[in-house]
Amino acid sequence: MRGRSLIINLFVLLALALSAAPAAMAAEGPGGMQFDEPTAGGTLPTAPSAAGTGPTVPGTEAQVVDGVAAAPAAAPDAVKQAIWAANAIIGRPYRYGGGHGKFADRGYDCSGTVSFALHGADLLESPLDSGSFMRWGEGGSGDWITVYTNPGHAYMVIAGLRLDTSAANDPGGLHGPRWRPALRSSRGFKARHPLGF
């Protein structure tokens with residue numbers, strides 16, 4: 001009888017652990033699996049056209065100014081467009097699958113965020129998931145734009161600034177599309193870049 005009671009207790013503990021695991025992974029997992037419901041009536045972002053403009057800073061490295069990225073004046077136009085496009089979704093909620101079926105969405109996941117920025121620079125026609133980014137573009141780091149990807153997460157570095165939905169190495173700890181103040185380890189990720197950038 002004692003053995004049966006012990007087995008039942010183990011099954012109960014296992015069930016509790018398994019039910020708690022998704023919540024723990026959701027808060028800390030790659031890509032910041034936190035889900036925020038968008039506010040009702042919010043407007044959908046639109047990527048700027050190829051003629052769009054935004055803030056710039058001198059030199060070759062982008063900088064965050066008042067929460068948005070300023071593109072480096074010395075960067076090619078496509079790089080500037082990618083930065084300015086990403087600014088349109090900074091602070092949007094993280095939403096698993098967000099930005100996959102269409103670029104304008106109420107929330108974005110990791111690959112939806114990367115897709116939105118690349119689309120704003122006319123470097124991507126249709127949204128991709130993180131696994132598809134592993135075959136996109138050219139292998140290795142780019143001079144201006146690098147997408148870091150694995151089957152479960154994608155983020156990018158544009159002109160030295162990290163665009164990521166994960167709060168890894170970010171003392172603010174906020175999830176969702178954001179310019180992050182520090183780079184993160186790229187261990188376990190494939191580096192890809194658009195041809196010419």
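Student: In the salt bridge of Asp164 with Arg184, how far apart are the closest N and O atoms?

Tutor: This is a predicted model, where local features need pLDDT of at least 70, side-chain atom pairs count only at pLDDT 80 or more, and totals for chains, interfaces and linings use all residues. Residues are numbered from 1 along each chain as its sequence is written, and side-chain values use heavy atoms, leaving out hydrogens and water. A salt bridge needs a side-chain nitrogen of Lys or Arg within 4 Å of a carboxyl oxygen of Asp or Glu. For Asp164 and Arg184, the closest N and O atoms are separated by 3.0 Å.

Student: Where do Asp164 and Arg184 sit, and how many residues apart are they?

Tutor: Elements are DSSP runs numbered from the N terminus: helices are H or I with at least four residues, strands E with at least two. Asp164 lies in strand 7, Arg184 in the loop between strand 8 (178–180) and strand 9 (190–193). The pair links distant parts of the chain, with a separation of 20 residues.

Student: Are Asp164 and Arg184 buried or exposed?

Tutor: The cut-offs on relative accessible area are under 20% for buried, over 50% for exposed and partly exposed in between, with a 1.4 Å probe and protein chains only. Asp164 has 0% relative accessibility. By this rule Asp164 and Arg184 are both buried.

Student: What is the N to O distance between Arg180 and Asp170?

Tutor: Arg180 is in strand 8, and Asp170 is in the loop between strand 7 and strand 8, ten residues apart. Arg180 is buried because its relative accessible area is 2%. Asp170 is buried too, at 14%. Their side chains meet in a salt bridge, N to O, at 2.7 Å.

Student: Which residues do salt bridges with shared partners join into one network?

Tutor: Asp164 also forms a salt bridge with Arg162, with closest N and O atoms 3.0 Å apart. Arg162 has 0% relative accessibility, so Arg162 counts as buried. The network consists of Arg162, Asp164 and Arg184.
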